[in-house]
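Thanks for letting me go through this one. My comments are below as numbered points, beginning with the place where the chains meet.

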Amino acid sequence: MSEDVIFSPLAWRNLQVKNRLFRSNISGRFDNEDGSLTQTRINWECQFARGGVGAIISSFVPVQMEGRIIAGYATIHRDDFIPLWQRLGEAVHRFDCKYILQLSHSGRQMDLPGVHNQHRRSLSSTDHQEPLHGFLCRAMSEHEIERTVQAFADGAWRAREAGLDGVELHAANGYLFTQFLSSAINDRRDRYGGSLANRARFLLEVIRAIRQRVGPDFHLQVKISAVDHNDILPWERKGNTLAESLQVCRWVETAGADALHVSVGSLFPHPLNPPGDFAFDTIASTYDAMLSAGTNTFRNYLLFRYSSLRWIFRWLWSRHQRGHAVEGVSLDEARAVRQAVGVPVISTGGYQRASLVREAIASGACDAVSSARALIANPDLPKQWQAGQDAPTRPCTFCNKCLLNAPKNPLGCYELSRFDGDHERMIATLMSIYDTRPELRLPPVPPAQNP
Amino acid sequence: MRSQEPPVTAVQQEARRRCWRRLPLSLLALAVVLAGLLALAIGVPTLWRYSGESVRHYADPETHFMHGSIGSEVSGLPVRLWRVLPDLFPDAFDDQHYEAFGFLYAPGDEARRGDLPIGLGTREVRGVDVAWFNCALCHVGTVRESSDAAPRQIAGMPSNNLDLYGFIGFLLEIADDPRLAPDSVLAAMDDQGQRLGMIERQVWRYAVLPRVREGLLENRATLAPLLAEQPPWGPGRVDTFNPYKLLQFGMDVAELDASERIGTSDFPAIFHQRPRQGMDLHWDGNNASLQERNLSAAIGAGVTEESVDHAGIERVADWLLDLEPPPSPYRPDPDAVAAGKPLYMRHCADCHGYQQGERYVFEGERLGQVLPNDLLGVDPARLDSYTETLQRYQLTLFEDDERYRFRHFRKTDGYANLPLDGLWLRAPYLHNGAVPTLHDLLLPPAERPQAFVRGLDMLDEEKGGFVAPDCTPGEPLPEGFCFDTSQPGNGRQGHAYGTELTAQERSDLLDYLLTF
């Protein structure tokens with residue numbers, strides 16, 4: 001098995017990884033409201049490290065509180081969080097697993113704004129609200145852009161200070177970087193809008209700022225949507241093409257990125273990211289948590305809630321999925337990126353079968369793959385592959401219930417069939433990461449004041 | 001006042017901002033919705049109220065005959081208007097009600113209470129009660145046996161009182177009268193205590209009354225030139241087919257030949273229809289089908305192919321099949337009657353059947369057949385008024401319905417020999433009512449009265465018929481109408497049968513005829 005390409009180590013410019021399977025970025029509301037991470041987060045990440053993945057790309061980690069997707073995700077906006085991330089890094093490293101912090105900013109794609117953000121419009125490249133949920137936003141001023149660029153650089157510095165193995169800029173799937181990059185979203189008339197070069201300016205400035213802050217020897221990769229497919233709602237424009245994205249990738253490489261992580265879709269979730277089913281009953285039970293977050297959420301809730309209306313959303317969703325495989329959904333795009341750049345490429349997209357991963361890597365489409373849902377279902381997927389299995393015994397069904405539960409419930413696998421219909425066992429599995437016994441500290445008592 | 005809580009989220013803030021921004025549009029939409037709801041709330045009941053039609057059903061067939069509908073209301077006037085016309089035009093009504101034109105009121109009915117006269121059927125058409133002629137209009141009359149006796153109404157006899165010419169002329173006259181303006185009519189309704197709701201008042205003001213006036217003006221344009229050419233019909237008479245040509249078939253007076261423009265004749269009696277089945281019906285015998293004759297008469301009363309109420313007409317027709325005239329009140333000398341009967345049987349029975357005691361015998365070799373007017377020699381105007389052109393038009397009626405399609409109309413060359421049942425009620429005599437009494441009918445035409453009073457209902461026991469004193473045309477009369485036999489269509493000539501008998505024979509024959 002030592003000759004298995006999946007388990008052949010990677011030795012990139014600033015990162016060495018023991019195998020080719022990365023845990024793709026996925027989060028869960030495990031952390032504190034102030035952005036500090038918890039033992040649960042450490043437990044969550046360690047289950048994948050223990051399972052044998054070569055590297056973990058963290059949860060979506062905002063570099064500013066105003067860039068949170070969902071309150072309850074750990075952030076990297078404060079220096080005093082460095083020891084917490086350091087602890088997480090130590091925990092993961094014990095399993096010979098690398099930890100790459102995904103530096104992120106939600107922009108207008110803010111699902112649950114929380115007390116920090118609910119009172120204000122989120123920052124974006126545009127004043128136009130997000131079309132699917134109706135998340136409100138306003139176009140960032142140049143000063144705000146400058147401040148945000150610095151926040152990314154500071155975030156990268158904190159990651160390095162925490163002893164983590166690298167950072168990834170989340171420039172895919174509709175978040176702030178996409179909002180600048182996409183021709184369908186960015187309607188600015190300043191030097192950050194208009195031409196592709198202008199639209200890419202914010203991302204490239206962040207890369208350069210990070211390099212300036214952390215130096216050239218710290219791993220920096222960029223996750224990018226190779227094609228926007230922005231027209232989920234038929235009246236929206238399609239957004240960036242593959243050719244435009246390839247050009248961005250070349251600029252990213254030139255600016256100093258060490259690797260590229262290839263996805264598709266200019267919003268999240270998207271029919272092609274993550275691909276698979278759309279569990280209406282699940283989202284009807286969780287989407288209510290988002291009702292106050294957007295101007296279109298109630299409309300969507302009705303479309304999800306009432307079976308007589310579901311055909312509308314099903315039609316919108318499924319028309320983009322036709323002709324696309326679930327596993328390796330964006331492999332072709334990754335191949336194109338890899339041919340366009342000289343840095344390594346990671347392809348994301350529901351990889352669960354070892355044979356497909358081997359073929360992807362062997363064919364030169366990518367250097368590594370990342371997967372999240374398949375690993376949530378089977379955190380020991382690498383070990384199963386290593387044991388010679390092509391696919392796990394109880395594979396991920398790509399039902400997407402894990403994702404659709406995320407706004408309201410703990411992250412994990414909700415596909416009851418994988419637990420033989422045993423609800424208790426499913427809950428026990430979901431709760432396993434909470435099985436913590438932290439030392440509880442007693443808050444200090446102020447000295448009594450003399451009357 | 002409680003202050004509004006500041007918005008917690010940006011979405012709430014945006015929602016409030018949009019709310020204010022959209023306020024004018026929202027108010028407009030609200031106004032539109034409210035207006036729509038109001039329109040629905042008013043419109044639906046109003047549409048319901050002013051759509052469809054309903055007709056009153058009378059349990060008793062005779063009441064149905066008197067007041068029931070045959071479907072002529074499409075040509076009619078609203079009931080509320082019928083009630084106020086006498087108040088609006090007191091000069092035309094001589095401060096009376098419709099009796100001024102010879103209409104009759106059923107016993108117990110009172111015009112003052114808003115009851116309509118006999119001969120008007122009512123139907124609610126699109127929410128408005130409309131009344132117009134039915135069969136009884138022309139076929140209910142009165143008789144009095146003495147000047148101080150109360151008139152006795154008899155269904156089935158000719159409407160000897162009805163001045164249809166006068167009434168139609170009145171309606172055409174008021175078509176453009178200012179008193180028919182909505183303000184005036186509505187005020188008259190208010191004075192009568194007729195209650196109109198707010199919406200109904202507007203409907204009347206802007207729809208019902210203007211349409212009534214429009215209809216009257218249209219009819220005036222159509223009929224007035226014809227009526228202007230005709231001598232006044234006088235009570236108990238009608239021109240059956242000429243108005244029919246103009247109203248039903250859209251012909252113009254100018255299209256009518258001069259010889260056909262006057263077809264005025266008496267209203268016939270309509271007793272004993274069953275034995276008449278198969279006889280040549282109408283004065284000129286132009287149709288041998290009772291059903292077609294009935295339907296054609298209904299059309300003459302204002303029924304159209306669309307509005308016809310076949311069930312209503314057939315109910316009347318069924319009731320008439322065996323309707324008997326009341327027995328003659330005359331008590332002539334039995335010996336004279338016995339002497340007169342053979343004379344009748346010899347000279348008259350072939351054509352007219354005969355009376356046998358209380359029963360009329362509908363037998364006769366030529367009974368119910370058309371006798372050429374070359375032989376009969378009576379006034380030809382009525383015969384000439386029915387033309388082959390009209391026949392062709394009539395045969396197009398009810399083309400789409402095999403049950404009612406006209407097939408039997410024909411142009412004849414004379415007048416039909418009619419049964420003489422109920423003869424005592426059928427004066428004046430001949431088809432055009434040109435001879436006031438049976439006595440006069442047995443006189444040579446030249447000796448028959450040249451001008452006499454029609455419209456009186458007192459029986460003339462001596463002469464057989466109604467009292468009909470001589471008169472001078474053009475001179476005012478205390479009552480009745482001076483019928484001038486020298487006018488076109490009014491000729492008293494012809495039917496000289498019996499005139500050659502001796503005076504005694506004629507007297508005996510008359511006594512026998514008085515038993516009919």
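1. The contact between the chains draws nine residues from chain A and five residues from chain B, where two residues are in contact if their C-beta atoms, placed from the backbone, lie within 7 Å. On the chain A side that touches chain B, there are five polar, two charged and two nonpolar residues (Ala, Val, Leu, Ile, Met, Phe, Trp, Tyr, Cys and Pro count as nonpolar, Asp, Glu, Lys and Arg as charged, the others, Gly among them, as polar).

2. A word on conventions: this is a predicted model, in which local features need pLDDT of at least 70 and side-chain atom pairs count only at pLDDT 80 or more, while totals for chains, interfaces and linings use all residues. Residues are numbered from 1 along each chain as its sequence is written, with chains lettered from A and ligands numbered from 1 in the order in which they are written.

3. Chain A holds a closed barrel of eight strands, ordered 3-4-5-8-9-10-11-12, with parallel pairing. Strands pair if DSSP finds at least two bridges between them; strands (E, at least two residues) and helices (H or I, at least four) are DSSP runs, numbered from the N terminus. From one strand to the next, the twist averages 25°.

4. Do look at strand 3 (residues 21-23) of chain A, which pairs in the parallel sense with strand 4 (residues 55-62) of chain A over two bridges. A:Phe22 has A:Ala55 in strand 4 as its bridge partner.

5. Chain B has 18 helices and 14 strands.

Note on methods
Axes fitted to C-alpha atoms, helices over the stretch in contact; angles between N-to-C directions.
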